[in-house]
Amino acid sequence: MLADFIALLEGLTASPWFLPLVFLIALADAIFPLVPSETAVIVGGVAAGFGQIDVWSVILAAALGAIAGDSIAYQLGQRTGDFLRRRSPDRSLRRFRWAQKALQNRAGLFIVSARFIPGGRTAVTFASGVTRLRLSRFTGYVVLAGIVWAAYGTLLGFVFGRRFQEDHTQAFLFAFGSALILVALAELIRWILSRRQEARSDSESSESINVG
């Protein structure tokens, strides 16, 4: 069954529509986190390792899709920000103020690192629009994040595609397994940092209330 699935993927990479599909999937994933953009990019990288497709074309399609999708998420956040602030409870407003301060101080770190976390990229780019992060600053970081993310996924697949050219099943399994491990590590780091920041934000809010 796995062999049939891999054969299907190889058939897709041979299609002239594969690169536009990678672009659309990367774009959609920035808005709808359940779309498997990492899968599409790694599949393209593995196929490039087999010599079926140009590796730089995969990186370009994935990066352009990611940048376009993140920009759309930013615009959605910007347009709905005032409404969300009016309807949010007090605790959410405190988190909003924390997010605004964090993005102003460490926007690059948040935007680039979130690109590697499914769901995290949508939250951060949307929050950047809600908090009115300067567009020129946001765009610069999003371009960097999109290029790094696209290169990482594609080259990861490419390396294993070259390494296991005689065994396509192993190439896909090792590439996807490595990607899952890296994403899990990134999510663990993000969770630890988020918990620390939330605790610090709650502590600062309590102190301001006591002082007042």
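**Charged pairs and their surroundings**

Analyst: Arginine 115 has a relative accessible area of 1% and is therefore buried. Please keep in mind throughout that this is a predicted model.

User: Which residue does arginine 115 meet in a salt bridge?

Analyst: The side chain of arginine 115 takes part in a salt bridge with an N to O distance of 3.0 Å. Its partner lies in helix H4, while arginine 115 lies in the loop between helix H5 (90–114) and H6, so the pair ties together parts that are 45 residues apart in sequence. The partner is buried as well, with a relative accessible area of 2%, and the residue is aspartate 70.

User: Over the face of which residue does arginine 115 lie?

Analyst: Besides the salt bridge with aspartate 70, arginine 115 is placed over an aromatic face, at 4.8 Å from the ring centre.

User: Which residues are linked in a network of salt bridges?

Analyst: The side chains of arginine 121 and aspartate 29 meet in a salt bridge at 2.2 Å, N to O, and this pair links distant parts of the chain, with arginine 121 in helix H6 (residues 120–130) and aspartate 29 in helix H2 (residues 18–29), 92 residues apart. Arginine 121 also meets glutamate 38 in a salt bridge, at 2.4 Å, N to O; glutamate 38 lies in helix H3 (residues 37–49) and arginine 121 in helix H6, so this pair ties together parts that are 83 residues apart in sequence. The network therefore consists of Asp29, Glu38 and Arg121.

User: Is glutamate 38 buried or exposed?

Analyst: The relative accessible area of glutamate 38 is 18%, and the cut-off for a buried residue is under 20%. Glutamate 38 therefore counts as buried.

User: How are the rings of tyrosine 74 and phenylalanine 138 arranged?

Analyst: The count of aromatic pairs comes to one. In the pair of tyrosine 74 and phenylalanine 138, the distance is 4.4 Å centre to centre and the angle between the planes is 25°. Tyrosine 74 lies in helix H4 (residues 55–87) and phenylalanine 138 in helix H7 (residues 135–163), so the pair ties together parts that are 64 residues apart in sequence. Since planes under 30 degrees apart fall into that class, the arrangement is stacked.

User: With which residues is threonine 154 in contact, leaving aside its neighbours within four places in sequence?

Analyst: Threonine 154 is placed in helix H7, and at 0% relative accessibility it counts as buried. With those sequence neighbours left aside, its contacts are Val41, Gly45, Val55, Val58 and Ile59.

**Fold and surface**

User: How many helices are there in the protein?

Analyst: The elements run α-α-α-α-α-α-α-α from the N terminus on, and there are zero strands. Of the contacts with a separation of 6 or more, 79% are between residues 24 or more positions apart. The number of helices is eight.

User: Which residues form a nonpolar patch on the surface?

Analyst: The protein exposes about 11700 Å², of which carbon and sulfur atoms supply 66%. Isoleucine 181, in helix H8 (residues 168–211), is exposed with a relative accessible area of 55% and is one of the patch residues. Together the patch has about 280 Å² of accessible area, and its members are Ile181, Leu182 and Leu185.

Conventions:
Residues are numbered from 1 along each chain as its sequence is written. This is a predicted model: local features need pLDDT of at least 70, side-chain atom pairs count only at pLDDT 80 or more; totals for chains, interfaces and linings use all residues. Side-chain values use heavy atoms; hydrogens and water are left out. Patches are made of residues with over 30% relative accessible area and no salt bridge: like charges are joined within 9 Å, nonpolar side chains (Val, Leu, Ile, Met, Phe, Trp, Tyr) within 5 Å. Accessible areas come from the Shrake-Rupley method with a 1.4 Å probe; for residues, only the protein chains shown count as cover. A salt bridge is a side-chain nitrogen of Lys or Arg within 4 Å of a carboxyl oxygen of Asp or Glu. Helices (H or I, at least four residues) and strands (E, at least two) are DSSP runs, numbered from the N terminus. Buried means under 20% relative accessible area, exposed over 50%, partly exposed in between (1.4 Å probe, protein chains only). Contact means heavy atoms within 4.5 Å. Rings of Phe, Tyr and Trp (its six-membered ring) pair if their centres lie within 6.5 Å; planes under 30 degrees apart count as stacked, over 60 as edge-to-face and the rest as tilted. A charge sits over a ring if NZ of Lys or CZ of Arg is within 6 Å of the ring centre and within 35 degrees of the ring normal.
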